[in-house]
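Let's take a walk through this structure together, one piece at a time. Keep the 3D view open as you read.

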Amino acid sequence: MHNIHEPKLISGNANRPLGSAIARRMSMHRGVNVNLVDARVERFNDQEIFVEVYENVRGEDMFIIQPTSNPANDNLMELMIISDALRRSSAARITAVIPYFGYARQDRRTKARTPISAKLVANLLTESGIERILTMDLHAAQIQGFFDIPVDNLYASPIFALDIAHQFNGIGDKITVVSPDVGGVARARELAQRIGAGLAIVDKRRSRPGEVAEMTVIGEVEGQICFIVDDLCDTAGTLVKAADKLIEAGAEEVHAYISHGVFSGPAVERITGSRLKTVVVTDSIQPTEQVQAAHNIRIVPTAPLFAQAIMNIWQGTSVSSLFEHETLAPIYEGLYAPASR
């Protein structure tokens, strides 16, 4: 068996700025330059994907940074082809760093004769030579069980807790964390416990798929500053309607903290024209120019979190320690002043 010497990073085209930011953070940790492996990831005229790695990776611990966001199929194929290139180049271990895991919403059969695409994707990734997965805020936690290889699922809520403590210092008694649906209560409760806030739920009933017929606020939000928490925002229809419902119920302000800004179709336009004061998203998906220009969308970085997780995997130390405030706060000290607890 090859000795694993150094962690090496390689990035696909889905979010190269995040890959570069992770490399910079690792350089700060280790005191030596960590650069992305020099490689060519491009397409032929018929859109076939071609990968060529220019550096020796034999016996190295390789980390491929590639969210499978829009275009999901292209980015997924890039990830698998990069993995195959590394496997055939005798890399000692291949870890896929997938900040946003696409196809996660297809984790079960909702009707007859439908696929479980998340399981199919898990099989494809494993067969391509990937030996470990590092991701963040899976839409459904049970997807970890679709893999027969280790899966580390990080959480954005500790980062959000640091951001809230920094941005809204001194108003803890006026904060209420809101789940936009019953299925997200556990996520909202976890953040509420971190920041010592109350909890509310927006219960929604759909008349047909994609259309919300009725919303009801469960919990006390009058005079409160509300934070809607969700793992992803796609078209933002439900998010905007939930904000309107909370304002109607007497909320003073409504903000949103979203792990993955998918932002399909009219999402950004809806958010900028909504009553949401701010929508905070991570950079797990590379933000478009429209997202960056939106006056009420703010992006928080995940590079410190992923850089430390990669270091912990390489060194064989705990990844779950990054779930704790005491571990994460020093990593983000340059961005957020230490919050008293």
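**A guided look around**

Start with helix α4, residues 157–167: eight of its 11 residues are buried, so this helix is largely enclosed by the rest of the structure. One thing to keep in mind is that you're looking at a predicted model. The buried residues of α4 are S157, P158, I159, F160, A161, L162, D163 and I164.

Now find the sheet. It's an open one made of five strands, and if you step across it you meet them in the order β1-β4-β5-β6-β7, with parallel pairing. At the edges stand β1 (7–11) and β7 (151–154); each has a single partner strand, so one side of each is left without a neighbour in the sheet. On average, neighbouring strands here are turned by 20 degrees against each other, ignoring direction.

Let's zoom in on one pair. Strand β5 (residues 93–98) and strand β6 (residues 132–136) pair in the parallel sense over four bridges. As a bit of background, strands of a sheet pair through backbone hydrogen bonds, and they can do so either parallel or antiparallel.

What lies across the sheet strands β1, β4, β5, β6 and β7? That's α9, which runs at about 155 degrees to β6.

Take I22 as an example: setting aside its neighbours within four places in sequence, I22 touches L9, I65, A303, F306, A307 and I310.

Last stop: a pair of helices. The axes of α2 (residues 72–87) and α3 (residues 117–127) come within 9 Å and cross at roughly 25 degrees. Angles under 35 degrees count as roughly parallel, and α2 and α3 are therefore roughly parallel to each other. So which residues of α2 and α3 meet? From α2 it's L76, L79 and M80, and from α3 it's V121, L124 and L125. Sorted by class, this contact of α2 with α3 has six nonpolar residues, with no polar and no charged ones.

Note on methods: Residues are numbered from 1 along each chain as its sequence is written. This is a predicted model: local features need pLDDT of at least 70, side-chain atom pairs count only at pLDDT 80 or more; totals for chains, interfaces and linings use all residues. Side-chain values use heavy atoms; hydrogens and water are left out. Axes are lines fitted to C-alpha atoms, for helices over the stretch in contact, and angles run from 0 to 180 degrees between N-to-C directions. Helices (H or I, at least four residues) and strands (E, at least two) are DSSP runs, numbered from the N terminus. Angles under 35 degrees count as roughly parallel, over 145 as roughly antiparallel, 65 to 115 as roughly perpendicular and the rest as oblique. Contact means heavy atoms within 4.5 Å. Ala, Val, Leu, Ile, Met, Phe, Trp, Tyr, Cys and Pro count as nonpolar, Asp, Glu, Lys and Arg as charged, and the others, Gly among them, as polar. Two strands pair if DSSP finds at least two bridges between them. Buried means under 20% relative accessible area, exposed over 50%, partly exposed in between (1.4 Å probe, protein chains only).
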